[in-house]
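Me: Let's go through this structure by question and answer. Keep it short.

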Amino acid sequence: MRIGELAGATGTTARALRHYEQAGLISSERASNGYRVYGEQAVVRVRNIRYLLAAGLTLDDVRVFLPCLDGDVSAAPPSDKGLRVALERLAVLNERIAAQTEARDRLEAALREKTGDRIRSVA
């Protein structure tokens, strides 16, 4: 299938697919006209990549999961390395959330001070 067909089948964009290919997560062959051609298995692989990205992993993180990207990645038993990467990413996300929460709380407190407590909490 061509890149547009793969994009449609996986709910992504051709640009994202080229990015995944550049990152070494998917591969294609070139037709005589230069178009990228993907096998049917690419649909499963791209869906798994998108699943892992939606879970908060980065493309670099996803590389650890290459051995299981062609199957049901959500049902596969995690490897020690996969668990380590996921736990590290979770720690990074928790740090970012804590920093953003702290910034929101400071802004909210400053607004309350300046407006005489006339704002509603957004938390």
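Me: What share of the accessible surface of the protein belongs to carbon and sulfur atoms?
Reply: This is a predicted model, where local features need pLDDT of at least 70, side-chain atom pairs count only at pLDDT 80 or more, and totals for chains, interfaces and linings use all residues. Residues are numbered from 1 along each chain as its sequence is written, and side-chain values use heavy atoms, with hydrogens and water left out. Areas come from the Shrake-Rupley method with a 1.4 Å probe, and for residues only the protein chains shown count as cover. The accessible surface comes to about 8400 Å², and the carbon and sulfur share is 53%.

Me: What radius of gyration does the protein have?
Reply: The radius is taken over C-alpha atoms, and the globule rule is 2.2 Å times the number of residues to the power 0.38. The C-alpha atoms fill a box of roughly 70 × 35 × 20 Å along the principal axes. A compact globule of 123 residues would come near 14 Å, but the protein has 21 Å.

Me: Which pattern does the protein follow along the sequence?
Reply: Helices (H or I, at least four residues) and strands (E, at least two) are DSSP runs, numbered from the N terminus. The protein has 5 helices and 2 strands. Read along the sequence, the pattern is α-α-β-β-α-α-α.

Me: What distance does helix α5 reach from its first C-alpha to its last?
Reply: The expected span of a helix is 1.5 Å times one less than its number of residues. Helix α5 (residues 80–115) has 36 residues, with 52 Å expected. The reach in the model is close to that, at 52 Å.

Me: Which helix do the buried residues of α5 pack against?
Reply: Buried means under 20% relative accessible area, exposed over 50%, and partly exposed in between (1.4 Å probe, protein chains only). In α5 the buried residues are G82, V85, R89 and E108. They pack against α4 (59–62).

Me: Which helices are included in what covers the buried residues of α3?
Reply: The 14 residues of α3 (residues 41–54) should span 20 Å, and the end C-alpha atoms are 20 Å apart, which agrees. A42, V43, R45, V46, N48, I49 and L52 are buried in α3. Their cover includes α1, α2 and α4.

Me: Is R47 buried, partly exposed or exposed?
Reply: R47 lies in helix α3. Leaving aside neighbours within four places in sequence, R47 is in contact (heavy atoms within 4.5 Å) with A9 and T10. The relative accessible area of R47 is 47%, so R47 is partly exposed.

Me: Why does T12 count as buried?
Reply: T12 sits in the loop between α1 (3–10) and α2 (14–22). Beyond neighbours within four places in sequence, T12 is in contact with A7, L17, Y20, V46 and R50. T12 is buried because its relative accessible area is 13%.

Me: How far apart in space are R36 and M1, C-alpha to C-alpha?
Reply: R36 is in strand β2 (residues 36–37). Leaving aside neighbours within four places in sequence, the contacts of R36 include M1, R2 and I3. R36 and M1 are 35 residues apart in sequence, and their C-alpha separation is 8.3 Å.
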